[in-house]
Amino acid sequence: MIPELGEFALILAMLLSALQGFFGIVGPAVKRERWMAAVLPAVSGQFVMVAVSMGCLITSFVNNDFSVKYVAENSNSALPLFYRIAALWGAHAGSLILWIFLLAFWSIAAAIGTARLPKPFASRVIGVLGVISFGFLLYTLATSNPFLRLDPPWPDGESLNPLLQDPGLAGHPPVLYTGYVGLAVAFAFAGAAMLEGRLDRDWARWTRPWTTAAWAFLSCGIALGSWWAYYTLGWGGFWFWDPVENASFMPWLMATALIHSLAVTEKRGLFKSWTLLLAVLAFSLSLVGTFLVRSGVLVSVHSFAAAPGRGEFILAFLVVMIGSALALYAWRAPLLKSEAGFELTARESFLLFNNILLVTACATVFAGTIAPLIAAPLGLGKLSVGPPYFNPTFLLSILPLMALLSVGIHARWKRGSLGNRARILILTLVVSLVIGCGVVFGLFTGGRVLSPIGIGLGVWIIISSLIDPIDRLRRHITIPRAVLGMTLAHIGLGIFVISITSVEAFTAERDVALAQGGTTQLGEYRFQFEGVKPIQGSDYDGVAGTILVSHDGSPVAVMHPEKREYFVQHIGTTHSAIYMYRVSNILVALGQDLGDGRWSMRVQVRPLVTFIWLAAFIMAVGGMLAISDRRYRIAEAREPAIEPVGAVTRSGAG
Amino acid sequence: MSRFVNRFTVPLAIFAVLVVVFAIGIKDSPQKDLIPSPLIGKPAPAFALPSLTDPGRKVTSAQYRGHWYLFNIWGTWCIDCRIEQPMLLKIKQAGIIPIVGLDWKDDPKDARTYLKQAGDPYQSIGMDQDGAEAIMWGAYGAPETFLVNPEGIVVYKRIGPITERAWEQDILPRLPLTSTPDSASSS
Amino acid sequence: MRQRAASIFIAVLAASLLLGASSAHAIAYTQMPTPQLEARYLHLIRNFRCMQCQDESLADSPVDLAAEMRRHIRDMLLAGKTDQQIREFMVSRYGYFILFKPPFVAKTAWLWLTPGAVLLLGVITALVIIRKRAVLVTSDPQDDDLTDA
């Protein structure tokens, strides 16, 4: 009964999204007020139907309804309630429902948020979102229906992959998808602008908050995923340049470029077609990422199991959505021109380089990710592209970006010339590099050539970001929230750079085999193995080891890494023990039982690793703070746009 | 600048190329887990392994110089190998090409018992108890089968069980028509 | 003289045996005779892909095959092979796929050159745009009083 209701609601949602798309896009084109007025009811109805559908699926999970195929494949009566609900997005079909739900949520938020904007424009925005919703709903119903029934129903389910039985599972996909999907709003704003044939500073101002909000969620989502991998997989790694990770990172890089490009378009009316393209590409990368993860074209431990037909459908969807958006771009973008000027050392220039470097970074990650796809037809056999490729090539664009950041935030619009700030900046640069060298060579041993530079740059970013706010405070000028948010976000980035450099440079680790009472030394840390004892959980059993950790002689922690064996799925997992001591993480993970009470294990000390994810969170908070600035709540333009409608010369391209 | 080729149409053009790449990717995705062997066209590793069935004797690559043979890596722990077993027996029945087995990381007793029960398709079987030999052949799973020519060059590698189709379309056509059931010195 | 040497030898042998006995409690699982070899060993096993669990390195993979290959690498290191020889051994059997780092050969050159090429293209484009816009500065009266952010 309930699954059928869910499926029915989904079908209704699909129909409503079709109406939403139709009225939203065609209404303004034929100038029918009634049609444009129908958009809000359509999107509201869609949201309600999607919510009902998702509610039905959740109910099926909670009630252990194993007559529903998706529930039977992903849940089990021994699974705790919390994970039974989270299992909803544990596999392909359910995660699509999550996608659709979040898209509907963003759509209705956008409908409310654009209520005071010009009606035709707002209608088009929601209309584009409707088309996207329709595509996803059609795809789900056609190829990945989670409400399919099993006849006869299974007595019990297959249970969730034990790796996914974790608070991280509850958090990571919803937050990540919120960001991923949120970029659709920027895409819709771009689509509306292209359909209308104009793009002005107001457009940029309207688009900024939505983009930044999606970016903030995406930042948190990626960080959550990385943190989850870190403490779940147990070997201390947190980023593997895996295709699925890259699939979420590329939209993030584009979105970051977009945020900065929007700033220029809003302030100076420049980079219009470029900003437009970025807005299209950011969400396009989200879609491409969806394709890569679910179609089965790439090898990854994270990717969903691929069923035949899925890949083709998503590809067709990509062609329609992205193809039409880019075709629209090719048609409309040549109309967008501006006559504004700026100097080499002006803010616009720095932001231009910001964009170039971010897009280069994105292209780099993209090349490495799809290289295996290209290699096969080119007769290269199987190509493998891993961290040894991504790390150096990514740094190639990112290091200059970090360096330019500290200077760029002080550049003034249009005319550049840092004035007396230049001296302060040089001073702070020197101080930062000294700190960098001091930390690397003084406090710790080891590290690489880039380490002092990495730490120095991070410190410089933080100090540089603080100069302006401190100056304003001294002169009793209020700091607008937008500036505060930007400062916080950049400080977060600085912390991020420092933390990653530290982890890469100063991590100490060792694989050992220890018998009861055996010890090993890692720098000033001493690890003593006290054997293992059996443990039992609701759907697993296993062993937990006891390791005593001391630093410089004084006891620090007792750690209990585990090895679990899950009954239903016959999968063994390793749960490493992680302890935060001062600013470092101590990790212990059990390896194999070597017999005679001897166990192999890995011990690690990772300085500053937790700050990596903290930094991402700080960046997201900075973004959200910036959005809350009052000026984004003003709907009308305070001054006329640079390019009024129809006044642009249509001289053809070039 | 031309009307159709300008910086505004470039993104669309690049996307079109990408779509083609993805389409090819989808088409090829069933094979994406199969790693092509770099040994194809290269000499097979020379081997001298203790025989499973005849302790004290050795199974060597020298014994098979001048003959075509299939080198099949298997183990009693391997489920797909049991699926492959009837096919291997058929190949033995056909008498066209001998199969040399590599018993990979197996207990010899278990292996002998298994072959007694399920039938022995092999002309000779070498034991690889520590796994070193399988690594020499670049094996990463079982069953894997190599087709080696009389000069000792690896001509073809089959990953996974040999099916009727694989036998008829991939292996047989590579054998010369006048191939006769050889009796390389068996163990 | 010889007796002295013999007794010293026996003393050293006894001492090393005793030391060996006490460290039996803490034998490193991947113990190599020297720190340099240990560093090379760790570096090698971290940069080879496990062929069964294709997403993990040989260092992290729990499967038997990975343990086998680690042992093989260890034996090769102890036999005095260079890192390059070990890499060639693995690649000759498993192909380039076993490396996480794509090789720089004719067919993969595009992959390695793309980042630099895109960066160069981008920087040139930026400079061209800046040159064009810098000229427009004096003729454009707008926004001379803008503040930041």
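A salt bridge is here a side-chain nitrogen of Lys or Arg lying within 4 Å of a carboxyl oxygen of Asp or Glu. The model is predicted, and local features need pLDDT of at least 70, side-chain atom pairs count only at pLDDT 80 or more, while totals for chains, interfaces and linings use all residues. Residues are numbered from 1 along each chain as its sequence is written, chains are lettered from A and ligands numbered from 1 in the order in which they are written, and side-chain values use heavy atoms, with hydrogens and water left out.

**View 1. A salt-bridge network joins residues of chain B and chain C.** The network links Lys105(B), Asp130(B), Glu68(C), Arg71(C) and Asp75(C). Within it, Lys105(B) pairs with Glu68(C), and their closest N and O atoms are 3.1 Å apart. Glu68(C) also meets Arg71(C) in a salt bridge of 3.3 Å, N to O. These two residues are separated by about one helical turn because they stand three residues apart in helix 3 (residues 64-78) of chain C, helices being DSSP runs of H or I with at least four residues, numbered from the N terminus. With a relative accessible area of 8%, Glu68(C) is buried, whereas Arg71(C), at 36%, counts as partly exposed; buried means under 20% relative accessible area, exposed over 50% and partly exposed in between, with a 1.4 Å probe and protein chains only.

**View 2. Chain B meets chain C.** Here 17 residues of chain B are in contact (heavy atoms within 4.5 Å) with 15 residues of chain C. The buried area, which is the accessible area (1.4 Å probe) that two parts lose on being put together, summed over both, is about 1,300 Å², and carbon and sulfur atoms give 61% of this. On the side of chain B, Ile35(B), Ile135(B) and Tyr140(B) lose the most area to chain C, together 43% of what that side buries. Two salt bridges are found across this interface.

**View 3. Asp202(A) and Arg205(A) form a salt bridge within one helix of chain A.** The N to O distance is 2.7 Å, and the residues lie three apart, about one turn, in helix 9 (residues 201-233) of chain A. Both Asp202(A) and Arg205(A) are buried.

**View 4. Glu348(A) and Arg268(A) form a salt bridge between distant parts of chain A.** Their side chains meet at 2.3 Å, N to O. Glu348(A) belongs to helix 13 (residues 347-375) and Arg268(A) to helix 10 (residues 243-268), 80 residues apart. Glu348(A) counts as buried because its relative accessibility is 0%, and Arg268(A) is likewise buried at 0%.
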